[in-house]
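Visitor: I'm new to this one. Can you walk me through it?
Guide: Gladly. Here it is.

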Amino acid sequence: MEEKEGAGKLMKITKKTKTDDLDYGFTKLPNGLKVLLISDPETKVSSAALGVNIGSLVEKDDEEGLAHFCEHLLFMGNKKYPSENEYADYLSKNGGNSNALTQQDRTIYYFYISNEAFEGALDRFAHFFISSTFNEGSIERELKAIDNEFSTNFNNDGARWSQLKKSEMNIKSPFNHFGSGNLKTLSQPNIRDKLLAFYKKFYTSEIMNLCIYSSKTLDESLRLVEGLFVQIPKIENFKMPRYDEVKPYDENSLKFFYKIAPVKDLNEISLEWYLPFCEDYHTNPASFLSCVMGHEGPYTLTSSLNTDNLCNALVAGSSRVCKTYITFNIAISLTKKGLENYKEVILRTLKYIKVIQNKGINKRFYEEVKEIAKLNFDYRVKLSPISATKIFSS
């Protein structure tokens, strides 16, 4: 990065893909909020996203779904724009839209809109976090909206499997929670008081990341951001919650095999490992392991299972849960024969892992993976404004 003097201290990011002709700048506001600015003179649409490094993991036992509910209520008016439909109406009239998602350790808010209306949308968006009022008249309707989301997950195999895993984790761990919430967990007479307490305790500027993507120059965007987002309160003596004080898995929740009746017509085995969190993108060991386990060449696990008509497909990959641990998953779509012989499929998978452990990393294969990763970076497809802001604010 190189530092550029302007409206504020702006570090211009120069390390980019070979096909990337956009301008990037990074700054940190006086209240601690981190900002990534992206300038694209050719874009017809502008976007912004703000990530808060707080999610459902901080909820108490009697608050399941509170972080998700907070996300919903922030849309419903603030001191400057008290009408609960002001933000949505403004976006709709100017070719825009918005959404948000609550995860275990973060919550992300985002929108896109026409360039001409971007400043107005950004002003409305910033006041979510400057002066939200948690409109009491919106509570009942948003409770029903959350309950509707919960109901749709009844028929979602991924959501069902995810909640089963959480339920089977260490009961003393924050991961053993029902993060999405529903009418049952959130219908409490003092729910608004809990929302306000949650917001005032955790929504501090120093744990927020903002990404702006627009046709404006970096300096123009910087001035716009400084005029708005510096107003977001910073909580004094804020202490970031830790999630590693109790391990999510222990001897009572590991080494189990679950048989699940799916909603869809699925025949699949999913093997999952709990691994330490690693954020070293220079080496990215989990990504390399995914390539090794998912390789389809001769003498691989996929080749062995395909040859004997035991599987239709095999996918391996890691998932970042939070900055405490990751999971590594091998999902195998089984043939009818594979379903009948699922124990053999598991045994071959474990034997294959043992072979890799004993033989170590094949240098030639490693260099191939490294070169492909470099090519993917250098010639990456341009992200849409909304995709870019969602990714870079998380």
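Predicted model: local features only at pLDDT ≥ 70, side-chain atom pairs only at ≥ 80, totals over all residues.

Visitor: Which residues do ring pairs link into a cluster?
Guide: The cluster holds F75, Y87, Y109, F111, F118, F125, F128 and F129. Rings of Phe, Tyr and Trp (its six-membered ring) pair if their centres lie within 6.5 Å. Planes under 30 degrees apart count as stacked, over 60 as edge-to-face and the rest as tilted.

Visitor: Where do F134 and Y199 lie?
Guide: F134 is in the loop between α3 (118-131) and α4 (139-152), and Y199 is in helix α7 (residues 191-202). They are 65 residues apart in sequence, so the pair ties those parts together. Helices (H or I, at least four residues) and strands (E, at least two) are DSSP runs, numbered from the N terminus.

Visitor: Are F134 and Y199 buried or exposed?
Guide: Both F134 and Y199 are buried. Buried means under 20% relative accessible area, exposed over 50%, partly exposed in between (1.4 Å probe, protein chains only).

Visitor: And why is the pair of F288 and F365 called tilted?
Guide: Their planes stand at 55 degrees, with centres 6.0 Å apart, so the pair is tilted. F288 sits in helix α9 and F365 in helix α13 (residues 363-378), 77 residues apart. F288 counts as buried at 14% relative accessibility, and F365 does at 18%.

Visitor: New topic: sheets. What is the order of the three strands in the open sheet?
Guide: The order is β9-β11-β10, with antiparallel pairing. The edge strands, β9 (268-276) and β10 (311-322), each pair on one side only. Two strands pair if DSSP finds at least two bridges between them.

Visitor: How many bridges join β10 and β11?
Guide: They pair over 10 bridges, and β11 covers residues 325-334. C311 stands opposite L334 in β11.

Visitor: Which helix lies across β10 and β11?
Guide: That is α9 (residues 285-294), running at about 170 degrees to β10. Axes are lines fitted to C-alpha atoms, for helices over the stretch in contact, and angles run from 0 to 180 degrees between N-to-C directions.

Visitor: What does I332 touch, leaving aside neighbours within four places in sequence?
Guide: Its contacts include E268, L305, C311 and V345. Contact means heavy atoms within 4.5 Å. I332 is in strand β11 and is buried, with a relative accessible area of 0%. I332 and E268 are 64 residues apart in sequence, yet 5.5 Å apart in space, C-alpha to C-alpha.

Visitor: Now zoom out. How many helices and strands does the protein chain have?
Guide: It has 14 helices and 11 strands. Of its 394 residues, 45% count as buried.

Visitor: What does the C-alpha trace span along its principal axes?
Guide: About 65 × 55 × 40 Å.

Notes. Residues numbered from 1 in each chain as written. Heavy atoms only, no water.
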